[in-house]
Amino acid sequence: MATWMTRLRDRLPAGGGLRDEDWADRHRLLTVLLAVCMVLLTVFGVFRAEHPRDLLLIDGMLLPCLVGAVRLANRRARSIVVALGFAAASGGFVALCHGLTEAHFAFFIAVPALALYRDWAPFGGFLVATVVHHAVFGAALANHTFSHHQAQANPLVWALLHGAAVLAAAGFQLIGWRLTETEEKRAQENLDDSQAQLSVAFDETPVPMAMFGPDGRLLRTNPAYRDWMRLPEQLPDEFGVGDLPLAAIDRDEPDILRMIAESREPLTVTRQYRRTDDGSLMWVQTHASGLYDRDGRLRLIVAHCIDVTATRDHEAELSYQVRHDALTGLLSRKAFEHDLALLLESSAEPVSVIYLDVDRFKSINDGVGHGAGDDVLRALAARLAQVVPDGALLARLGGDEFIAALPGPSGTGLRVGNGILAALAEPLTVGGSGLPVSVSVGVTTAFGGVPAEDVVVAADTAMYAAKRAGGNRLQVFTEQLRVPVQEKLAAEARVRRALAGDPRVTLPLWFQPVVTTGTGRIAGAEALVRMRTPEGEILTPYHFVGAAEETGLIVPLGEHVLRSAVDHLRHWSDRLGYVSVNVSPRQLAEPDFVPMVAGVLAGAPGLDPSRIVLEITETALLASTVDVSERLASLKRLGVRIALDDFGTGYSSLTWLKSLPADIVKLDRSFVAGLAEDQRKASIISAVLWLARSLGMSTIAEGVEELSDWEALKAAGCPAVQGYLFSKPLPGPEFDRMLRESHESATTDGVHLNETTGTVLAG
C-alpha cells in the first residue's frame, strides 16, 4: 500500500517551483481577472438578480477575497483567497443565470486559470469549494443551481456529476502540470550541466578571464585573472574596470567596453598598460565578446586577457636585429634602403648620401686578424656616429662599407663627408692601441622622386672614383663618373650573353705564332680569345676580360678557352707543337681549377699534356690567395707545362723564377723593344737566358716588332720569339693557312714575306 501511494505521489506534480517574481506576475494577473469578474458580475446582477440581497451576497464574498489577495503577507494564503474568489464568482454567475447549464462552464475556465499558481493549496481549495457549492447549493437552492428538472429532483447526483467533470478537467491540468515539471527538471539538469561545464572551463583555465557588465562592473573572474591582477578572492559589489591596477599608456585610445557596445562584434585589442601597484609596463591582448538579450541590449562582456609582454619584447628584439647590423649596431642595408626611400619621399629639402669604404681593409684583416678587423669596424662605427648629425640615417652595408643619409641644403653632404675624413685623421683605438685608418668617401645629393637604389649607386660610384684616385679622399658624384660603371656593366652583359650562346661562335680563339729562331718554323702558338658581337664586330680582350675577372665570369670563360685550344691543337695534329693559354688570378684561386684542367685533358685521349702550356703572370702570382707552388705542382703532375708570362715587370721576378716549377720564361716586350740599340738590355737578356738554361727552362721573347731586335735575340741565343714582326693574332682558318705555308717553307733559308698575312716569317 505504501509503495502504491509512493508511486502515485511521484507521478503527481510537486507543486511550487516558481520564483517569487514569476509567482507575483501570475498572482497579479489572476487578481486583476478576479476584480474584472466582480465588476462584470455586479453589472450583470443589476439586470438579472431577483433580489438586491443576492448581488450583495455575491459581492460580499468576492470583495474580501480581493482584499486578502492584495493585503495578505503569505503568498499561499493570497493564492487560496483568489481561488475561493473564483469559486464564489463562478457560483454567483450560476445563481444569477438560475442554474443554466452553460453557466457551469465558468468552473471549467477557472480550473486552468488557478493551475497557473502551480500550487496544491489554491488548486485543491477551488476543487473542494466547487464540490461543496454543487452539493450545498444544489440541495438548498436547486432552482438556482440546476436549470433542469432531473437535477433539481436529484441535486446530490448532479452535484457529483458536475464535481466529477470538474475533477476530470483538473486531472488533465495535473497531467500537463506534471509534464511541464518533468520538462523543466530536464531543462534544469541540462542547464546545471552546462553551468558546471562553464564553471570548469571558466574557473580552471589558465587564461585570465573576466565578465563585465555594460557599466564596467566586474561580475565574475576566474582564479587566473585574480592571480594575474593580484586581486582578492572576494571583491566589493561595485568593483569595476576603473578599480583594476592598470593604467593605459595611451589614454586617447577608445574604451574596449564602448567599442564592444558600438560594434556588436567580437574584437581583439592589444595595448600597453602600466601596473599602478609596482609601475611595471606590460602588453595585454584582450579578446572581448558581448552577450545580448533578445531586444539587442548588451547584458555582459566576456574578456580573455593574455599577457603578451614577452612576445612583444621578443618581436621588438627580432625587429631590432632585422633592422640593425649585428656587429656595429648601425642600421642594416635593408633598413637603410627602406628608410632612405621614405626620407626621399617626405623631405622638403635635398637629401645627401655619403658612401664610404675602408682603404686596404684586407691588409688590416691579414695583418691583425679578423677579430681585430671586427674591432676596427666597431670603432669606426662609433666614430662615424659622433660625426654624423643626430637624426641622420647611418648604416653598415656589409664588409667595410658604410653609408649615411641626411636632409639639408646643398653642400651638407660635402661638409659632413669632409668632417668624416677629418675625424679619421686621428687613429682608431683598437685593442688598447691606436690604429690609423683611412676611407674613400663618395657623396651625392638627390631630391624627392628619385629611387633610393639609384641614389645609393651614385654615391657608390663616387666612392669608387675616390678609391681609384688613391683613397683617403672625397669625391662628389657627377654623371661623368657613371660612364666607367656603365661600360663595366655593358661589358659584363656582353660576356654573359656570349657565354649563354655558342661560345665557339661568340668567343672564338685567335692565335699568334711562336717561332723558333733555329729552324724558322712555327713551334707553337698563344691562344687569345676574342668576342664576336651580334652585329659581327670582333672585340679584343680589353673590352671584356676585365669585367669577366671582376664578376667571376672569367672562370667559365677560361674553361671555354682551354677546351677550344685543345680542340684546335688536336685538329692541327703534328703541324703545331703546342698551344699556350693564359690563366687569370681568379682562375688560379679557384679550388676546382686543377680538376677542371684534368677533366679537359681526360676528354682528349691521345693528346700529350705537355703540348698544353698554361701562362701565369707575376700579377696572378701576387694576387693569388692560395699556395701557388702547391697549385702549380698539382698542374705539373697532370703533365702540362707552365710558362711565367711578362717576366721582368714585377718586383720579385728572380724569386719566382727560383721558387716556381716553371718550364718557360716569357720575356716582357719592355726588354725586347730597342734591344739592338741598348747594350744594357742585351746584357740583361743574356743573363736571363743563361739563368733559364741553368734552371732547365726555355725562353720566349715577346713583342718582337723590329727585324734588328729579332737578329739581336737570335745572336743572343734566345730559342723562340713572338710578335708582330712575324704575325699578329689570326683567326683559326688564317692561322691554319699560315701553318701550312710555314711547314712548306721550313727548308728554305732567310726571311720571306707571308703574302696571306703581310707579315715576316723566318725560314
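Buried means under 20% relative accessible area, exposed means over 50%, and partly exposed lies in between, with a 1.4 Å probe and protein chains only. By that scale Val46 is exposed, with a relative accessible area of 58%. This is a predicted model, in which local features need pLDDT of at least 70, side-chain atom pairs count only at pLDDT 80 or more, and totals for chains, interfaces and linings use all residues. Residues are numbered from 1 along each chain as its sequence is written, and side-chain values use heavy atoms, leaving out hydrogens and water.

- Val46 lies in helix H2 (residues 20-48); helices (H or I, at least four residues) and strands (E, at least two) are DSSP runs, numbered from the N terminus.

**Six-strand sheet**

- An open sheet of six strands runs in the order S2-S1-S6-S5-S4-S3, with antiparallel pairing; two strands pair if DSSP finds at least two bridges between them.
- Strands S2 (218-221) and S3 (246-248) stand at the edges, each with a single partner strand, so one side of each has no neighbour in the sheet.
- Neighbouring strands of this sheet are turned by 35° against each other on average, direction ignored.
- Axes are lines fitted to C-alpha atoms, for helices over the stretch in contact, and angles run from 0 to 180 degrees between N-to-C directions.
- S3 and strand S4 (residues 267-275) run antiparallel, joined by three bridges; Leu246 stands opposite Arg275 in S4.
- Helix H11 (residues 256-263) packs on the sheet, touching S1 (209-212), S4, S5 (281-292) and S6 (298-307), and its direction makes about 165° with that of S4; contact means heavy atoms within 4.5 Å.
- Helix H12 (residues 309-323) also packs on the sheet, touching S4, S5 and S6, at about 125° to the direction of S5.

**Five-strand sheet**

- A second topic is the open sheet of five strands, ordered S8-S9-S7-S12-S13, with mixed pairing.
- Its edge strands are S8 (393-398) and S13 (474-476), and each pairs on one side only.
- The twist averages 20° from one strand to the next.
- S7 (residues 351-358) and S12 (residues 439-446) pair in the antiparallel sense over eight bridges; Ser352 has Thr445 as its bridge partner in S12.
- Helix H16 (residues 412-423) lies across S7, S9 (401-407), S12 and S13, running at about 25° to S7.

**Strand S15 and its partners**

- Seven of the eight residues of S15 (residues 522-529) are buried, so the strand is largely enclosed by the rest of the structure.
- S14 (residues 509-516) pairs with S15 in the antiparallel sense over seven bridges; Trp510 has Leu528 as its bridge partner in S15.
- The two strands S14 and S15 form a hairpin with five residues between them, and Gly520 in the turn has a positive phi of about 80°.
- S15 runs parallel to S18 (residues 578-583), joined by four bridges; the partner of Glu526 in S18 is Ser580.

**Thr617**

- Thr617 sits in strand S19 (residues 612-617) and is buried, with a relative accessible area of 19%.
- Thr617 touches Asp645 and Asp646, not counting residues up to four places away in sequence.
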